[in-house]
Every structure is written in structure tokens, then in C-alpha cells.
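My entries follow in the order I made them.

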Amino acid sequence: MILIGILFSLMFLVITIRAFYLQTLKEAELSAIARRQYRHEAETKGKRGSIYDRKMRKLAMSIDVTAIGAHPDKIVNPEKAARIVARILNLNESKIRRQMLSGKSFVWISREQPPVRANILKKAGIKGLEFYPSYIRVYPNKTLAGQLIGFTGLNEAAREGIEFYYDDYLKGRKKTWLNVRDASGRVFMRTKINRSLSDGKDIILTIDAVIQNIAEQAIGKAVRRFNARSGMAIVMVPSSGEILAIANYPLFNPNSYKRFPKYVWRNRVVTDPFEPGSTMKVFLAAAALESGKCTPETKVDCENGVYTILDRVIHDTHPHGVLSLFEIVKYSSNIGAAKIARMIGPKQLYDTLYKFGFGQKTEVGLPGETAGKLRNYLAWYPIDTATIAFGQGISVSALQLVTAISAMANGGMLVKPRIIDRILNPDGSVLEKQEPEFVRRVVSSAVAESVRKMMQAVTEPDGTGPRAVPKGYTVCGKTGTAQILNSRGTYEHCDYNALFAGFSPAKNPKLAVVVVITAPQGSHYGGVVAAPAFREILSKSFNYLNVPPDNPSDEGPDKSAGLSSG
Amino acid sequence: MGHGGLQKRMLSGRQFSIFLLIAVCFLIVFFLDTWAGVKSIRYGYEIVSAEDKARKLTDIHKKLTIEYSRLISPVRLAPKAKMEFGLVTPGPSQIIVVP
């Protein structure tokens, strides 16, 4: 009995020692081995934020896809594997077979497969295949605002436009998950390790998709009608600086960016400066009135259409005799403008143009914005004062021009243009909201009012821009016909930009619009080429925005009459 | 010594009842803990399964959102309105402003 007792005691002692050894001395090591078997950290990428228009219509969003790769050296039966993969993923079988027989260590089979198909392939159990969760970017409106929104390339790398400029906001951060699995490999507990927000933020633009489409269709029609090289338009709310449309033609579809030449990717409204031509006369008039040296009735001799300054000959499209400042703007006399500019002097002209924002970026928040070119008046040649007055020797962007025109609509206050309305956190709370911002007073409200009257006269039947007026509305605007320097740097045998810049209604402006059509054929006058597109944009936008006509007695006289000049 | 000593070492009836009560409480707690653990793991499976289902439904929702955005896109609707339904922008004489 005692022997049996000793034997059992010894056995119990061995068990106790072994248990102590495993549970205490080896505890850390064995626990780690166990944890490795049932706990697994997995990383996924946070979803990229979406881009919306002001009415929360989706302009850009990401969807889940699965990237599928293969290790050809680990695939047991490449022929059979290629057949199965091609059938399930609906891909070219011979191409897949070539990849699997390539002998490479790794090949991509497909970078963008829907998760449903990827799961079916995963269940086929082909060894050597790897599956990676990924996203692709989709632009459901195709060409709408293509250049403005930009696009992302492989792995959602931002390349242009809003996607590029606001990439830090939009891109998702890595998410780390802790998965706890049972013996069968099924996950029964999943915890997110990093608590910070990992999905990207959503961006709400000030753009209205309907007005954007209206603008794109209008300039497209003008470009096709006049066989022009390209066109652009911008629509802005002058009182708040909100940009409702930035249109570029030819159009661009970011879903298939590789099919378009790179020059089409560019948002030329913001990036490309051009000589503004006679639209500059509006700002010359503002400078002249602000100087106190001129009134709207100040008269100059327009030399019957030919005037020599120093060694330059300046021409008017139509010969005029004596014109007032009011009429110089209405009939767009280059000679009249040159004389008024010399009357007020280069400093006054330069100071006013600078205050209107020319020669500086607007800081709208878009990539590649140009500041245009406005040389300091101290660097001007004597002829520059005259030529800058009618828009040569200065370059501006369409964005700068619409911002400056809007200052006239705002009683002389320059507003900062903006493209972003607000930025949202992934949970929908507002991270940032942009409010209207007035930059400075450019001219007095009395001067702005006088210039508005001149601009309204431009759109009268005997002005240069009657074709810009939609039925039932009043418009303040200015035509422009600007020569484009040729490759030799001269204006000889050159193309033209046809422009119209303005706002409507005259008394209580709701929209400011600039239209630029580049290299039209047949006619190159702003009043003929750009003005109808301007009218169409206003007419359809006002209908959409329920802006009532402010001139209901307008029965629609033939607006195609009037001077055609820039 | 004999029976008297043995009686002293045995538990009294009251002590035995207390011991029994504690043992029963311990057993109850033990079973409750085990039951809770099993339930917890079962719910864990259900939660993960629901999360996976939610992910699939979210994916379908995203695809439907894209399809919806495409269908209501003005790029698609505007020419359709004009060509198929003959809709045009009304002129000023067709607009009645209700004060």
C-alpha cells in the first residue's frame, strides 16, 4: 500500500513539475505560438473620399475591387489554372496561360476585379494566386467637369484637378484589424486597432452639375459651329464668389484618361493665360473714372479708325469720329481707349488693373493656376499704356476675368472665387466650410454703377454685343476679339480668341460668365462667336435657377443686328 | 479520544450548510461564466458574419449609387429630354411669376 502511495505521489509530482514548466517557465513562448495561430493582424486601405457637386450629386467615388496576382513558380498545373482563371474572370485565356508559364516570380492577373468574381476564384482553391483588396475610382458623369475633377491613376494615385490638389483630404489611411480565428480558420472576433479615422474625407464643390452641363454644351456648340480649336467658359455667382461651372472643350472623360491627349487633361480656365482684347476696356473705363480725370461724357477724337502712336498704327474695326468714354466702351474703339489711357497715365491704369486682381493668382484652390502677366508700369514702354488699354501686352486667365467682372457687379468690391463649399469627415460632420470672402474695394460704387451702364449699352441693338442678351433679361457685358501671337511672336497671320464677359441681370446680378472661343474660323468677333454661347448659358441657367426675367417687355427683337467688333 | 475526537473534527450541521451554499454559489457562477463565454463566442461569429454581409451590401449599394448617378446625370438626361420628349427651355412669355 505504501509503495502504491509513493508511486502515485511520484507520478503526481512529475505531472506537477511538467505543468509548472509549461504554465510558468514556458508560458510566454507557448502563448506567443498560440496567438500566432489564432490572432492575425490584417491591413486594409481606407476608402478614398467622394467628390460631390453643390446638390450632393456624386461626381467621383471609389468602389471595392480585388487585385489578383499569381506566383507562376508555385502554380502546379498552369494550363488548368489558366483555363479556370480565364473562365471565372472573363479574361483572355491565352494571355493568362502565357503569364502563368512565364517563369516570373510574380505577375498581375488583373488589377480591378469585382469582389464577387474574386471570391468565386478564391473558392476554386488554385494555389499560387494572391488576392489584394483595392479600390478603383469611378466618375459616373463621364465627361462632366472632367478637367476640373481630374483623375486618379493606378492605386488611386491622384494625377490632376481636384483629385490632385485635395489628395491629402481625399485619400484613405491604412486600417489595421485584429482578427481572432477558431481552429477551422473562421473569424469570430474582429477589432479595429487604430482608432483614428481612416477613410478619406468627402469634398462638396460649389459646382452645379446642371449648369456645368449647360456651359459645356454651349461652348461645344460654338466650337463646332465655327470650327474652332477649343473653348472655355466659367460661371460664377458674383456676390459670393461661388463658381457654378468651369467648362473646357474638347471634353475629357477621366474614366478613360489614357485615351485622351495630355493637353486635353488641363483645366485651361485656370492654367492658360490669354490676351483679353477689348474686354479690358471695361477696366480702363473704371480706371479713368476712378482717377477723376474723366467722366462718361469725356470726349476723344477716334481719328476715323486709324491712329499712329510713336511707331505703331492702331486700327478700329469701324471708323469713328469723336466718341465719349461711354461710347468708346459701347462701340469698342481701340483708338479711343488708347487716348483715354494716355490721358490718365500708366500708373493709374496699372494700379487699377492690379487692384482688379490681374497679374496675381486668385488662390481659388486649383492646381496650375496662372497669375497671368501684368508688368509693373515702370517697365512699360511708351506704347504699352495704349495697347494694354485695349487688351494687348497683358495676359489674364478666364478665372481672373470673371472675378474682375464680378467686382463691377458687386458695386466695386472684389470677391475671392471659390470652388470648395465644404469638406466632410467620413462620419458626415463638417470639417471645413468656406464662406464668401471679399478681398478689397477696387473702385467706388458710383464708378462701378457708371461702368455697368456702359456695359449694358454694349448689349443694346447698336452695340457690339446684342447677341449676348437672352430674351427677357438685361445684360452688362463686353465683347473681345484678341489676336493670338503666332509662333514667331508676332500678330501676322495669327488666330484670334473670341470673348464675351459679363453678368446679368443688370440691376441685381445673379450670374457672371466669361466665354472664350479659341481660333474660330469664318468669323472671329466676340460679338458673333462668343456672345451666343454666353446667351445660351445665361438663358438656360436662369431657367434652371428660377431667376425671373427682369425685362419681361422684351418681345425679342432681332438681336443679331449691331456692330460686330471686339 | 475515539468518537469524541472524531465528532469534534466533523463539521456541525450549520457549518455544513454554509459550505454547501458556498459550493452551490460557486457552481452557479462557474456555469454562468462558461455560458457567457460560449455565448460571447457565438455572438462573435454572428457579428463577424453580419459585418461581412454588411460589407457585401455596402458594395452593392455603391454600385447602385454609381448606376443611379449615371442615370440622373445631366449629360445623359438633357439630350434625352430634347430628342425623345421634345422639351425645350421656356421663353420669357411662357414664364408666369407668382408673387
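Entry 1. I listed the contacts of A:Ala245 in this predicted model. Leaving aside neighbours within four places in sequence, I found A:Ile207, A:Asp208, A:Ile211, A:Gln212, A:Ala215, A:Ala233, A:Ile234 and A:Val235. A:Ala245 itself lies in strand β10 of chain A, residues 243-249.

Is A:Ala245 buried or exposed? I counted 28 C-beta neighbours inside 10 Å. The cut-off for buried is 20 or more, so A:Ala245 counts as buried.

Entry 2. I turned to a helix pair in chain A. Helix α12 (residues 280-291) packs with helix α18 (residues 445-458) at an angle of about 140 degrees. The axes are 9 Å apart. I noted the crossing of α12(A) and α18(A) as right-handed.

Which residues make the contact? From α12(A) I have A:Val282, A:Ala285, A:Ala286, A:Leu289 and A:Glu290. From α18(A) I have A:Val447, A:Ser450, A:Val451, A:Met454 and A:Met455. By class, the contact has 8 nonpolar, 1 polar and 1 charged residues. An α-helix has 3.6 residues a turn, so residues three or four places apart point the same way.

Entry 3. I moved to chain B and helix α2, residues 13-71. At 1.5 Å a residue, its 59 residues should span 87 Å. I got 84 Å between the end C-alpha atoms, which agrees.

How many of the 59 residues of α2(B) are buried? The count is 1, so I wrote the helix down as hardly covered.

How values were computed
Residues numbered from 1 in each chain as written. Chains lettered and ligands numbered in written order. Predicted model: local features only at pLDDT ≥ 70, side-chain atom pairs only at ≥ 80, totals over all residues. Axes fitted to C-alpha atoms, helices over the stretch in contact; angles between N-to-C directions. Helix = DSSP H or I, 4+ residues; strand = E, 2+ residues; numbered from the N terminus. Left-handed = near helix turned anticlockwise from the far one by under 90°. Contact = placed C-beta atoms within 7 Å. Nonpolar A, V, L, I, M, F, W, Y, C, P; charged D, E, K, R; others polar. Expected span 1.5 Å × (residues − 1). Buried ≥ 20, exposed ≤ 12 C-beta atoms within 10 Å, placed from the backbone.
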